[in-house]
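The exercises below ask you to work through the surroundings of an annotated site, one step at a time. Keep the coordinates open while you follow each solution.

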Amino acid sequence: MKLFLSVDMEGISGIVDTSYINPDSGVNYQRGRQFMTTDTNAVIEAALESGVTEILVSDSHNTMNNILWESLHPKAKLLAGSPRDSSMVHGLDESFDAAMFIGYHTRQGIPGVLSHTMSGVIRNMYINGQIVGEFGFNAAYAGMYNVPVVMVSGDNLIAKEASELIPGIHTAIVKEAVSRTAAICLSREEATAELKRQTALALGNVKQIQPYHTALPLELAIEFSHAGQAEFAAIVPGSRYETETNTVYYNAANQQDMYTTMRAMLNLAGGAEFF
Ligand SMILES: [Zn+2]
């Protein structure tokens, strides 16, 4: 059995605010990298005990160079660095039996530890009218390859967001959100145990969890924070800017096309000045 792990940072055990996820923030960021590596190793250990033979770990936060390569479990391979065409889920294809999203967080504009969608420019994102955050967007990409996302780890609120999109998904809840930058965290030992427990349960249930299928063609809609961002995003050929809602629409041929177009829009929008 072959397993794909996309590992973000905001939902990692013990991480509660930006000091742990920002490379410029010093000692807490270095601790955050260790927490991220330890969470990932817990999942890898349980996966190998459950019959998984091949694991690709995608470092999926910021510049995607956070996991401590030298401390990662020797049986896993690490995809590190950026850019990548399919960003957080690059390398995932039909050869994988299952995917897990580790250290994930809720979407922009709702409660949850460090909630956001991709970058600060997105207010809301929709696929075929369904609102999605990073979890849903990446799950749709996995769905293109018929790969089910069988487990998510993070706070109690990403567990809820994920369960609403993928019934039966296993959730390793390592912290309870108190505010966007505060949480009640399990101890290191309990978090590791919960990650291992849910990994084993999820891998015993792969056939019961459906891939997140989205009908083709895909309508991608991104509502931006301000008009200047939307105007830049609408440079993408084939897109349509709806000024009343500050939303840019794009009809994608498939999830790969949707992913690269989303990245193009974000990069363009990021260049818009506000003040
Ligand atoms: Zn992140």
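**Exercise 1.** Determine which residues D8 touches, not counting residues up to four places away in sequence, and describe where D8 is placed.

*Solution.* In this predicted model, the contact search around D8 returns M36, S60, H61, M88, I102, G103, Y104, H105 and E134, once residues up to four places away in sequence are not counted. Turning to the secondary structure, D8 is placed in the loop between β1 (2–7) and α1 (27–49).

**Exercise 2.** Carry out the analysis for E10: is E10 buried or exposed, and with which residues is E10 in contact, leaving aside neighbours within four places in sequence?

*Solution.* E10 is found in the loop between β1 and α1, and its relative accessibility of 4% is the reason why E10 counts as buried. With neighbours within four places in sequence left aside, the contacts of E10 are I15, I21, H61, G103, H105, V113, L114, H116 and K175.

**Exercise 3.** Which residues does the UniProt annotation "binding site" cover?

*Solution.* According to the unreviewed UniProt entry, the "binding site" annotation covers D8 and E10. From this set, D8 and E10 are taken in by the lining of the largest pocket.

Terms used. Residues are numbered from 1 along each chain as its sequence is written. This is a predicted model: local features need pLDDT of at least 70, side-chain atom pairs count only at pLDDT 80 or more; totals for chains, interfaces and linings use all residues. Side-chain values use heavy atoms; hydrogens and water are left out. UniProt positions are given in the numbering used here, feature names are shortened, and annotations may be inferred rather than shown by experiment. On a 1 Å grid over the protein atoms alone, a cavity is a set of points where a 1.4 Å probe fits but cannot get out, and a pocket is an open set with protein on both sides within 12 Å along at least five of seven lines; lining residues have an atom within 4 Å of a point. Helices (H or I, at least four residues) and strands (E, at least two) are DSSP runs, numbered from the N terminus. Contact means heavy atoms within 4.5 Å. Buried means under 20% relative accessible area, exposed over 50%, partly exposed in between (1.4 Å probe, protein chains only).
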